[in-house]
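Subject: Structure for you to look at

Hello,

Here is the structure I promised to pass on. Please open it beside this email and follow along.

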Amino acid sequence: MPTLATALLDALEDHGAREIFGIPGDFVLPFFKVIEESGTLPYFTLSHEPAVGFAADAASRYRGSIGVAVVTYGAGAFNLVNSIAGAYAERSPVVVIAGAPGARERTSGYLLHHQVRTVDTQLAVFKEVTCDQAVLTDPATAPAEIARVLRSALELSLPVYIEFPRDMVDAKVDPVPKLPRREADAGARDECAEEILARIAKAKSPVMVVDVEIRRYGVEQQVGALARKLGLPVVTTFMGRGLLEGDDDVVAGTYLGAAGDPDLSALVEGADLVLMFGVILSDTNFALSSNMTDPRRTVLATGREVQIGHHVYRDLPLADLISGLDAHADQHPPRPRNAGKGMAYPRGLAADASPIAPSDIATAINDLFDRHGKMPMTADIGDCLFTAMEIDNTALAAPGYYAGMGFGVPAGIGVAATGLRPLVLVGDGAFQMTGWELGNCKRYGLDPIVVLFNNCSWEMLRVFQPESKFNDLDDWHFADIAKSIGGVGERVTTRAELAAALQRAVERRGVFSLIEVMLPRGATSQTLARFVTGFKAARERMK
Ligand SMILES: Cc1ncc(Cc2c([C@H](C)O)sc(CCOP(=O)(O)OP(=O)(O)O)c2C)c(N)n1
Ligand SMILES: [Mg+2]
């Protein structure tokens, strides 16, 4: 019989995990020992638990499967809460494995170190940011508990929580079974597909809007093919930027409402049928829109439900709906293909002595991708994320809805751990929070390229409240620090220096490259400038 630790590791691998991120502590040391000695999954330790969560989240997004974060009880686990909250908000199935006191410690009569209000406070907190939980105190039930929780993570594409008391690591257990995927009711699926196809046939200007769930549930390719078959133009939401990379024949661009390309916004807002697949109906996706929740013209398939007009099909997974639509589409007359106008992205940066504006960074990256091929990207919240909208549609992991800072660099480390080489976009404020995690790249031979937007400012706050002096940050000379933490840093102030530094970074392998781009305070990307104008106009309308 396997031990509970080895059975859990085998189950994680069996459910699609390919690496573990974590920071050990005495309540999880025995489990970490098994992680290291079993070799079942490669593991990456980082410096601060928020980064552990961000890295596991980003690895999960790029793999389209579960990510794994292993932390100690109390101090470690509570440090993790915010990044798991972001994973919950953005539907990333991260498996949190948190150490905990053993049975005898719990009844010792002492308050335990790392304990808060009660020994179970940690479980209570994680119940708020995970969709299912298991506390492994009984060898007889532990395998079934783990199986149930891991299926919940995959089916709901949400984080889950496993509490692993340190006295249970060597308990003998049965292997963890893999529970069958819960299929949709075939009748409901077919009825729903037929109803949607009938609406498409009657519509004059239908459009498809896609968001992160089409990646989370592994149907990105099928959605692109369905759009092609149905002759529908596709736009991504802000949060869904980077989806359907390469499907340029169907993807018209990213919908940003009043902050976006006017033709593209008109394509969506003028549509008489909007099919929203995998869409998070959030303010960051639609706050600058007017009629995206009008049930008369929208179909919303998200969270295992499909809402059409004023009625809902329950427990109908997106993957089943997409396959149902594909199966029935052939019975409907094909529509003349309308892929929308497609976006033009800035290219051909004049590599001259001019100072750099944020949108120049997008142009320089588009030029780099044209020369060397696209790189998977991560971005933090800040103007760097709005600038990313001016980079040609490229795979991207970013906190576009939860909008929590600190994601960008650890997410890049998580993506690099999957074997990809990411390009990371991050502002100086966010880099101050988690950028130092780059110091962990050396021991794992990871070599992300980090473009740091250094405007010595919380610029995204300044655009909304320009009178506040607290938005001024000091210049931390980040590039100078890169060498001491194992990488290569370059500080650039002109467009020529930027283009050259990017070229050198792409050619440099085996160490991280940090390109610190100096930007004037007050300068923003064109996208953020339009977003702020749109947001202020929308706020005026609501008064
Ligand atoms: C963890 C955390 N703390 C605070 C915030 C609020 C916040 C923003 C959002 C609105 O909530 S944008 C921003 C400034 C970001 O500064 P920087 O990284 O330098 O990027 P840029 O200068 O391009 O703005 C802050 C502090 C946040 N989103 N997440
Ligand atoms: Mg800044």
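One caution before the findings: this is a predicted model.

**The ligand**

Start with ligand 1. A shell of 17 residues surrounds ligand 1. The closest are D383, A403, D428, G429 and M460. By type, the shell holds eight nonpolar, six polar and three charged residues.

Which helix gives the most to this shell? It is α17, with four residues. Look for α17 at 428–434 and α19 at 459–462; each supplies at least two residues of the shell.

Now zoom in on the backbone around ligand 1.

- M405: one of its polar backbone atoms is 3.0 Å from a nitrogen atom of ligand 1.
- A430: here a polar backbone atom lies 2.9 Å from an oxygen atom of the ligand.
- E459: a polar backbone atom is 3.0 Å from an oxygen atom of ligand 1.

How much of ligand 1 does the protein bury? On its own, ligand 1 exposes 630 Å², and the protein buries 78% of that.

**The sheet with β14 to β19**

Next, find the open sheet of six strands. Read across, the order is β15-β14-β16-β17-β19-β18, and the pairing is parallel. Its edge strands are β15 (396–397) and β18 (488–492), each pairing on one side only.

Follow β18 to its partner. It pairs with β19 (residues 513–518) in the parallel sense, over five bridges. To see one bridge, pick R491: its partner in β19 is E516.

Then turn to the strands β1 to β6. These six strands form an open sheet with parallel pairing, in the order β2-β1-β3-β4-β6-β5.

Look at one pair more closely. Strand β1 (residues 20–23) and strand β3 (residues 67–71) are parallel and share three bridges. G22 stands opposite V70 in β3.

Two helices to check come next. Helix α1 (residues 4–14) packs on the sheet and touches β1, β3, β4 (94–100) and β6 (160–165). The direction of α1 makes about 160° with that of β6. Helix α3 (residues 49–63) also packs on the sheet, touching β1, β3 and β4. For α3, the angle with the direction of β3 is about 165°.

Best wishes

Methods
Residues are numbered from 1 along each chain as its sequence is written. Chains are lettered from A and ligands numbered from 1 in the order in which they are written. This is a predicted model: local features need pLDDT of at least 70, side-chain atom pairs count only at pLDDT 80 or more; totals for chains, interfaces and linings use all residues. Side-chain values use heavy atoms; hydrogens and water are left out. A residue is near a molecule or strand if one of its heavy atoms lies within 4 Å of it. A polar contact is a pair of N or O atoms within 3.5 Å; within protein, one must be able to donate a hydrogen and the other to accept it, and residues adjacent in sequence count only if both atoms are side-chain atoms. Accessible areas come from the Shrake-Rupley method with a 1.4 Å probe; for residues, only the protein chains shown count as cover. Ala, Val, Leu, Ile, Met, Phe, Trp, Tyr, Cys and Pro count as nonpolar, Asp, Glu, Lys and Arg as charged, and the others, Gly among them, as polar. Two strands pair if DSSP finds at least two bridges between them. Contact means heavy atoms within 4.5 Å. Axes are lines fitted to C-alpha atoms, for helices over the stretch in contact, and angles run from 0 to 180 degrees between N-to-C directions.
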